[in-house]
Amino acid sequence: MTPPNPDFLDDPSAACPSRRTVLRRAGLAALAGGLSALPGRAFADEAPALPADGTPFQPGLVTDLARALAKRPYAAPRTDDLPDALTGLNREQYAAIRSRPGSAVWADAGLGFTLEPLHRGSVFRSRVVLALVEDGAVRALPYDPARFETEGVALPPFKDDPGYSGFRVRARFRGGDLSDFAMFQGASFFRALATGQGFGVTARALTLRPADAKGEEFPEFRAIWIERPGPGGPLVVHALVDSPSAAAALRMSLRPGDASLCDVEGTVFARAAIDHLGLGGMTTSYLFGPYDRRGADDARAGAYSSGGLQIRTGVDEAIWRPVRNPETLQISSFVDENPKGFGLMQRARDYGAFQDDVQHWEWRPSLWLEPLGAWGPGAVTLLEIPSDSEFNENVLAYWRPKATLAAGAEMPFSYRQHWCWQPPEPPKVALVSGTRSGRGGDNRRLFLVDFTGAGIAAPGDLQTQLSAASGAITSSTLYRYPERDTLRVAFELDPKGEKSCELRLNLQRAGTPLTETWLYRWTP
């Protein structure tokens, strides 16, 4: 795969080094000496030093840091410097630590963005070094308790700079007042939203061995540099990520809008052999919905941030896979080569689908990922985890490359995220607009699957492509509703004693698909 940015490569003009080359070598010299760092204890004593305050920030610097970090033995970040008064906070107590009005970075600069550092505490115990890049140089962002106001929580004094747990970004949508746009906090997690939305699905900078017998790793942000944006420009974030098996460098360019964009360029450096790597990871919550109300004694109609996984394969097949809250862990792999996109989508946009006056799930963003360049063979992988809380992000989707990484190897990648109400290029076929399931006759399961699209219910011959990889389909009926441009397929599944049945359905005319391909895994 071609590196996504030539600035990530070593400068070839070694015989006559440019100013850029000299500055980058100076940064690497600091790495080798392990002496110069941002004020405070950047990584305690366990990692290469970070660029000092005032150091020129050059393209490729974070990549060089990640490469050097991966050559050292892994050392977990310290959390024992945080007192019990902060680690013992519950969700509500931690939420009481808020940014003081007027304390945000660039609050008085009249820019399109402001930054609010987030305090460490509760489950957010790891320290993330934050720094700005202004006028081409690193500017430290040291801890300052005056940035925060609290309600019922006393901030303890610190002997050393405790740093922060992450940061919140506010932006001006359509030139309006500043409002929530993005958040970087927890492991290597980040979130964003589009105009009029509330936070929902969470992205991962790097995913390693989820649901693996060896145990999942949760890579963490170690340091983040945020460039001061120019007029009308994006917010550019550089992140250094570390974990026992790998280090990584990411450059993220964020633009708010009716569909907010985040362009990600990164490189993974394997500290150890990696046979289960996830790119473009994203998590969401699904507690219950119209086709899956297992154990839901709840007055609401539904509680979920995303209703399904949408895939556009390398051969342009449009796939919709509803997500579930299963009784046991479910892992699904959708094998593909050079996928055109995938994402966890929220298609239910009416209040009536949820009847929730607090969470407003209908406002949650869909996250569509568009690979930039050829990703080769692999699989879009979906994990569905049993959950009893709407606050658990129990659904994970990511791209798992078929290729593995040997110790010492590196892998560049790039993609574009669309945090949106709907993906930028909706499928050219009718969409799955509803999935319902219930008890049928004689130990069978009844399914009702709706497809909606212009003209889909008009008179004409249609072929129903319906199959079950195990079990048997015992009946199938089409119902046309032209006034709603909707066609319903009703069918019954006889599981025949199987513990799971893989179902596949689409509608065609003369061999041409007219609808998305609906995929579903039934389990008892």
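**Domain span, cores and an open sheet**

The end C-alpha atoms of residues 57-522 lie 53 Å apart, and this span is 4% helix and 45% strand (DSSP runs: helices are H or I of at least four residues, strands E of at least two, numbered from the N terminus). A UniProt record, an unreviewed entry, places the feature "domain: Glucan biosynthesis periplasmic MdoG C-terminal" at residues 57-522. Such annotations may be inferred rather than shown by experiment.

The model is predicted: local features need pLDDT of at least 70, side-chain atom pairs count only at pLDDT 80 or more, and totals for chains, interfaces and linings use all residues. Residues are numbered from 1 along each chain as its sequence is written, and side-chain values use heavy atoms, without hydrogens and water. Mean pLDDT (the predictor's confidence in each residue, from 0 to 100) is 90 for the chain, and 91% of its residues reach 70 or more. Over residues 1-46, pLDDT stays under 50. Where pLDDT is low, the predicted coordinates should not be read in detail.

The largest nonpolar core holds 109 residues (buried Ala, Val, Leu, Ile, Met, Phe, Trp, Tyr and Cys joined through side-chain atoms within 4.5 Å; buried means under 20% relative accessible area, with a 1.4 Å probe and protein chains only). F184, I224, M252 and W518 touch the most other members. Apart from this core lies another, of 18 residues, including A66 and V138.

Four strands form an open sheet in the order β26-β27-β30-β29, with antiparallel pairing (pairing requires at least two DSSP bridges). Its edge strands are β26 (431-439) and β29 (472-481). β27 (residues 445-452) and β30 (residues 486-494) pair over eight bridges. R445 stands opposite L493 in β30.

Key: Contact = heavy atoms within 4.5 Å. Buried < 20%, exposed > 50% of the residue type's maximum accessible area, 1.4 Å probe, protein only.
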